[in-house]
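Take a moment with the picture before reading on.

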Amino acid sequence: MKLKTIAIGLAAGLAILARAPLALAATDDVVIGDIDDLSGTYADVAGTGAVEAVKMAIADFGGTVLGRKIVILVADHQNKPDIGASKFREWADQNGLSVLLGGSNTGVNIAMAKVAAAKKIPYFALGPGGASLTNEDCTAYTVHYVYDTTALANGTATVIVQNGGKSWFYLTADYAFGTQLQNAASKVVEASGGKNVGAVRVPLGASDFSSFLLQAQGSGAQVLGLANAGEDFSNSLKAANEFGITKKMKPAALLAFITNIDSLGLQTAQGLYLTTGFYWDLNDDTRAFSKRYFEKTKKEPTMDQAGYYSATLTYLKAVKAVGATDSDKVMAELKKTRINDMFAKGGYIRADGVMIHDMYVMQVKSPQESKYPWDYYKVLKVMKGEEAFGPITGLCPLAPK
Amino acid sequence: MTEIFGVPVAVILGQLMLGLVNGSFYAMLSLGLAVIFGLMGIVNFAHGAFYALGAFAALLGLQHLGVNYWAALLLSPLVIGLLGIVVERLFLRRLYKLDPLYGLLMTFGLALVIEGSLHQFFGASGQSYPVPAALRGVFNLGFMILPIYRAWVILVSVAVCFSTWFVIERTRLGATLRAATENAPLLQAFGVNVPLVVAATYGGGVALAALAGVLSAPVIQVSPQMGSSLVIVVFAVVVIGGMGSIFGSIVSGLVLGVVEGFTKVIYPEASNIVVFVIMALVLVLRPAGLFGKE
C-alpha cells in the first residue's frame with residue numbers, strides 16, 4: 001500500500017516536471033487555438049473539418065512564420081460557455097496562445113470574447129452567428145469573419161419578401177443565437193413591407209417539432225422562418241414536410257449549411273432559400289480550394305470551414321507583415337489590409353470587428369436540377385458586403401455611428 | 001363549445017394526438033429501462049445509445065444490404081439485442097455483486113463510447129431514412145393532418161408495450177424472470193439457467209430500445225446524439241412511473257408525452273423541463289413513483 005502511494009506520488013511529480021519545459025518551449029511557437037463544438041449538434045458545421053482547413057492553411061503558408069513554428073491547439077467546448085472561456089484562459093496563461101479561432105455557438109463565443117478582451121488576444125469568431133459579437137459584446141480583439149445574423153436576415157428575408165412571402169411566423173431556437181436571428185429577420189421583414197405574425201420559442205435540441213409546427217400552421221402566415229441551426233433545423237424541416245406544412249407555407253432557412261442540405265437530401269430541402277458566405281461551386285478559386293479540401297475530408301466545405309482556412313491565412317499574413325505576434329500591432333494591421341483569397345474578394349475588417357465581404361442568397365436545387373454530386377445551390381443574388389452586413393449601428397463603443 | 005380555456009378544441013385535439021405519438025416513444029423506451037431495472041437492478045444509462053444504434057442498424061442495412069424497413073423492424077432489434085447480451089456477458093455480470101452505482105457508471109461509459117464511435121464514422125448531421133412507401137401520406141382527421149406514419153408509431157408502440165407487459169406479468173416465462181430477481185439461488189436449484197435468463201432480459205430490454213430507434217428513424221435525422229437528448233427525459237418518465245414498474249412506465253410515458261405536448265402550446269419555453277418539474281413533485285410527494293411499490 002505504502003509502496004503504491006510512493007509510486008503514485010513519484011509519477012505525479014514526474015508528470016509535473018515533464019510538463020514545465022514543454023510549456024516554456026511552446027512560447028517560441030506561433031500558437032493557433034481552435035475552440036469549437038467537436039462532438040455535439042454543430043460538429044459537422046465546423047468541427048474536425050475546420051481543423052483540417054487550418055492545417056491546410058498552415059501547410060500552404062509553409063509551416064513557419066518569422067522563423068517560428070506554427071502549431072495548432074484544439075478543444076471541444078461541448079456547447080458550454082464556461083468550458084470555452086476557461087480553455088481559452090488556460091491556453092492564454094500557459095501555452096503562449098497567439099490567436100484564437102472560435103467555432104460554433106454564439107453563447108460560447110460571447111463568453112470567449114470577454115476572455116479575448118481581458119487577455120488581449122486576437123480572436124476570430126468563425127462559427128457563431130450572433131451579431132451582438134460586434135455590437136453590445138464587441139471587443140478591440142474580435143473579428144467576426146464568416147457571417148452574422150444581420151447578413152443572414154438581410155439576404156434571406158429580403159429576397160423572400162420581394163418574392164411575395166409577406167407574412168412570417170418564426171420557429172426560434174430559444175437561446176442567444178435564435179433570438180438575435182429572429183429579431184434581425186423581423187426588422188428586415190418589416191422594413192421591406194412584410195409583417196411578423198408570431199413566433200414560438202423552441203428549447204435547443206427538442207426531440208420533436210410537430211407541436212410547434214402546428215402552431216405555425218395555425219398562424220396562417222405565408223412563410224415559416226426557421227431561426228435555428230444544425231440538427232434542430234434538419235428535424236424541424238423534416239417534420240414540416242411530413243405534416244404537409246411546406247405545401248402551404250414557404251420554409252425559410254435563416255441559417256443552413258451545405259452539410260445540412262447534404263444530410264437532408266434535395267428531395268426534402270428543394271426550393272429552400274438560404275444565405276451563405278461561401279459555396280464551393282462559385283468560381284475557379286472556390287473549386288480549387290474545395291477540391292483539395294474534399295480529398296482530405298470527403299465532404300465539400302461549409303462556409304465556416306472555408307472561413308477557418310481564410311482566417312488562418314489572413315492572420316499569418318498580418319503577423320508576417322508586422323514582423324511580430326504582438327496583439328495590438330497585428331490587430332492594427334488586420335484592420336487596414338484588404339482580404340483577397342478564395343473566401344473574400346476585397347474583404348476588410350471594420351472598426352466594430354465585422355469582416356465585410358460579399359454574401360450569397362441561394363435557393364436549393366430540386367433533384368432534377370442537380371447534375372453532379374454536391375450540386376445543391378442556385379445563386380439568386382450576390383449581396384455586396386456593405387448591403388449584407390448593414391451600416392455600423394453605434395452599439396459597439398469602438399465604432400461610433 | 002369550440003374553445004376550452006381560450007384554446008380552440010381543434011388545437012387541443014391536435015396536440016393530444018401529437019402528445020400520444022411522442023408518448024409512444026417515451027413509453028417504449030422507458031419500458032425497456034423498467035424491465036432492465038426491475039429484473040436486474042441495473043440503471044441502464046446506455047439505453048439512449050442502443051436506441052441510436054437501432055436506428056443506425058436500420059440505416060446501414062438499407063444502404064448496404066438492401067434490408068427494407070419491415071425487415072429492419074425485426075432484424076435491427078435482434079442484432080442490437082444480441083449485442084446487448086454480449087455486453088451483459090462481458091461486462092455487466094461482473095458488477096452484480098457491487099453497488100448499483102458501478103452498473104450506472106459502466107453503462108454511462110458504454111454510452112459515451114458508442115456515441116463517440118457513431119460520431120467518428122457518421123458525423124454529427126446525421127442522415128435521412130426514408131418513410132416506407134406503404135406508410136407515406138396523411139390522414140385528414142378534420143381537426144388536424146396526421147401523417148400515416150405517426151399513427152403507425154402509436155399502433156406499434158401500444159401493441160409492443162401491451163405484449164411486453166403481458167409476457168412479464170401474466171405468463172410462465174415472465175414468472176421465471178421475476179423469480180430470477182427474487183431468489184436466484186432457489187430458481188437455479190430448480191434447474192433454471194439463471195445467468196442465461198438474466199442475459200436474455202438485458203438483451204430484451206436493449207432490443208426494445210433498438211425497436212424504438214427503428215421506428216423513429218423515418219421521422220427524425222438518424223444521428224449519434226439522437227439518444228442522448230431523449231434518454232434523460234425517459235429516465236424521468238421511469239422515475240415518475242416508479243422505478244421498475246412495467247405498467248407505470250407505459251402509462252407515465254404516454255401521459256407525460258401528452259402533458260409535454262400541451263406545454264408546447266401554453267408555454268413552449270418550458271416544454272423541455274415540464275417532465276422534470278413533475279418528477280421533482282412526484283419524488284417529494286410519492287418517492288416510490290406513481291405506480292411503484294415501497
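The notes below go through the model topic by topic.

This is a predicted model, in which local features need pLDDT of at least 70 and side-chain atom pairs count only at pLDDT 80 or more, while totals for chains, interfaces and linings use all residues. Residues are numbered from 1 along each chain as its sequence is written, and chains are lettered from A and ligands numbered from 1 in the order in which they are written.

**Chain B as a whole**

- Chain B holds eleven helices and four strands; helices (H or I, at least four residues) and strands (E, at least two) are DSSP runs, numbered from the N terminus.
- Its radius of gyration is 19 Å, close to the 19 Å from the globule rule for 294 residues, so chain B is as compact as a globular protein of that length. The radius is taken over C-alpha atoms, and the rule is 2.2 Å times the number of residues to the power 0.38.
- Along the principal axes, the C-alpha atoms of chain B fill a box of roughly 65 × 50 × 35 Å.
- Of the 294 residues in chain B, 51% are buried. A residue is buried if 20 or more other C-beta atoms lie within 10 Å of its own, exposed if 12 or fewer, and partly exposed in between, with C-beta atoms placed from the backbone.
- Among contacts in chain B between residues at least 6 apart in sequence, 76% link residues at least 24 apart; a contact means that the C-beta atoms, placed from the backbone, lie within 7 Å.

**The sheet in chain A**

- Six strands of chain A make an open sheet with mixed pairing, in the order β2-β3-β1-β4-β5-β6. Two strands pair if DSSP finds at least two bridges between them.
- The edge strands, each pairing on one side only, are β2 (64-65) and β6 (142-144) of chain A.
- β2(A) and β3(A) (residues 68-76) run antiparallel and are joined by two bridges, with A:Thr64 opposite A:Lys69.
- β1(A) (residues 30-36) runs parallel to β4(A), with five bridges between them; A:Ile35 has A:Gly102 as its bridge partner.
- Six of the six residues of β4(A) (residues 97-102) are buried, so this strand is largely enclosed by the rest of the structure.
- Three bridges tie β4(A) to the parallel strand β5(A) (residues 123-125), and A:Leu101 is partnered with A:Phe124.
- From β4(A) the chain crosses through helix α4(A) (residues 106-119) to β5(A) in a right-handed β-α-β crossover. Right-handed here means that, with the strands pointing away from the viewer, the path from the first strand over the helix to the second runs clockwise.

**Where the chains meet**

- The contact between the chains takes 30 residues from chain B and 34 residues from chain A.
- On the chain B side, α1 (9-40), β4 (145-147), α9 (228-241) and α10 (246-266) of chain B each give two or more residues. Of these, α1(B) gives the most, with five residues.

- Where is B:Gln225 placed? Look in the loop between α8 (194-216) and α9 of chain B.
- Is B:Gln225 buried or exposed? B:Gln225 counts as buried because it has 22 C-beta neighbours inside 10 Å.
- Leaving aside neighbours within four places in sequence, B:Gln225 is in contact with A:Gly40, A:Thr41 and B:Glu115.
- B:Gln225 and B:Trp70 are 155 residues apart along the chain, and their C-alpha atoms are separated by 24 Å.

Technical notes
Two residues are in contact if their C-beta atoms, placed from the backbone, lie within 7 Å.
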